[in-house]
Amino acid sequence: MIEARGLTKHYGQKAAVDNVNFTIKPGQVTGFLGPNGAGKSTSMRLMVGLDRPSSGTVTVNGQRYSEMSAPLAEVGVLLDAKGVHPGRSARSHLRALAATHRIPERRVNEVIELTGLGAVANKRVGGFSLGMGQRLGIATALLGDPKVIILDEPVNGLDPDGVLWVRQLLRHFASEGRTVLLSSHLMSEMAQTADHVIVLGRGRVVADDPISELIAGGETKVRVRSPQAAQLASYVMSGTGNIQLQPLEGGDGEGFTATGIEVQRIGEIAATNGIVLHELTPIATSLEDAYLSLTRSEVEYAAG
Ligand SMILES: Nc1ncnc2c1ncn2[C@@H]1O[C@H](COP(=O)(O)OP(=O)(O)OP(=O)(O)O)[C@@H](O)[C@H]1O
């Protein structure tokens with residue numbers, strides 16, 4: 001369990017994390033989402049004592065990180081996969097860390113096998129690919145067999161097999177009753193891995209919900225194709241409410257996507273006006289859609 005209460009971190013005038021409250025529960029995978037600069041990494045650094053809060057607290061299983069006598073056994077962390085001395089081998093890096101906690105050599109071998117590093121464990125980390133570095137970061141996080149696992153962008157740089165492996169591993173840890181927190185900008189991956197998400201925007205909590213609820217609360221979309229699309233669009237837009245139409249991508253003016261109106265209503269409008277329909281499809285909201293509508297006003301670094 002990770003608990004933040006009134007957690008705040010200022011860098012100069014800027015509140016990177018601004019009076020944040022949340023509880024990350026064991027037995028599930030929680031996703032940390034938010035635009036660039038939203039405060040995810042800062043929150044994670046505060047959880048593991050790499051930064052001090054300006055005010056408020058964050059605890060892991062009821063303890064502050066600085067109070068833990070054997071932190072590797074309490075909480076496993078991957079924050080910066082490049083934070084390993086390039087001249088060391090993966091094995092010597094893991095051994096050195098294990099020695100600080102009296103973790104046996106057997107466990108070093110176990111995490112090397114578990115993360116698929118067997119063939120390169122004795123090679124210099126400086127020559128590792130991005131994906132190998134990520135695997136070593138994950139091996140490091142798992143070394144102390146911790147009950148809480150915090151991973152910042154763990155699938156960054158992994159190939160599709162690696163992404164699947166991380167997903168299965170994290171789901172497995174959650175099923176064992178561990179607390180798993182991960183951040184990622186890959187929405188489809190998050191949708192398949194996490195049970196619950198906390199969305200940050202400009203240092204504040206914008207949403208803290210099960211993924212299923214977040215998606216269910218999103219806008220319904222309807223895809224429409226018709227040889228009389230323009231005519232249908234004008235009838236649809238004359239209705240009440242916040243109806244929005246978007247031409248179909250790559251379409252030839254033969255259709256649109258509608259939000260803010262029910263699929264049945266569009267069917268009725270078409271029938272009443274004798275309009276031929278080639279397609280009328282409700283589209284389930286994706287996590288990406290729900291996320292984008294939640295954070296539309298929270299994006300700090302947007303392309304022009
Ligand atoms: N050491 C620091 N000194 C000054 N400002 C910082 C520092 N670390 C983070 N910030 C600022 O705090 C804000 C939050 O940054 P943070 O890295 O936590 O965001 P993030 O959600 O992890 O973003 P990203 O998705 O880009 O990794 C940003 O505006 C960032 O510029």
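So, the shell around the ligand: its residues split into three nonpolar, six polar and one charged. Here Ala, Val, Leu, Ile, Met, Phe, Trp, Tyr, Cys and Pro count as nonpolar, Asp, Glu, Lys and Arg as charged, and the others, Gly among them, as polar. Around the ligand we have Tyr11, Ala16, Gly34, Asn36, Gly37, Ala38, Gly39, Lys40, Ser41 and Thr42, where being near means a C-beta atom, placed from the backbone, within 6 Å. The top contributor is α1, with three residues. Helices (H or I, at least four residues) and strands (E, at least two) are DSSP runs, numbered from the N terminus.

Quick caveat: this is a predicted model, with local features needing pLDDT of at least 70, side-chain atom pairs counting only at pLDDT 80 or more, and totals for chains, interfaces and linings using all residues. Numbering starts from 1 along each chain as its sequence is written.

Now the sheet. It's open, six strands, mixed pairing, in the order β5-β6-β7-β3-β8-β9; pairing takes at least two DSSP bridges between two strands. At the edges sit β5 (75–78) and β9 (204–210), each pairing on one side only. β5 and β6 (residues 148–152) run parallel, joined by four bridges, and Leu78 stands opposite Leu151 in β6.

Back to α1, residues 40–47: that helix lies across β3 (28–33), β6, β7 (179–183) and β8 (196–201), at about 145° to β6. Contact means C-beta atoms, placed from the backbone, within 7 Å; axes are lines fitted to C-alpha atoms, for helices over the stretch in contact, with angles from 0 to 180 degrees between N-to-C directions.

Methods: Contact = placed C-beta atoms within 7 Å.
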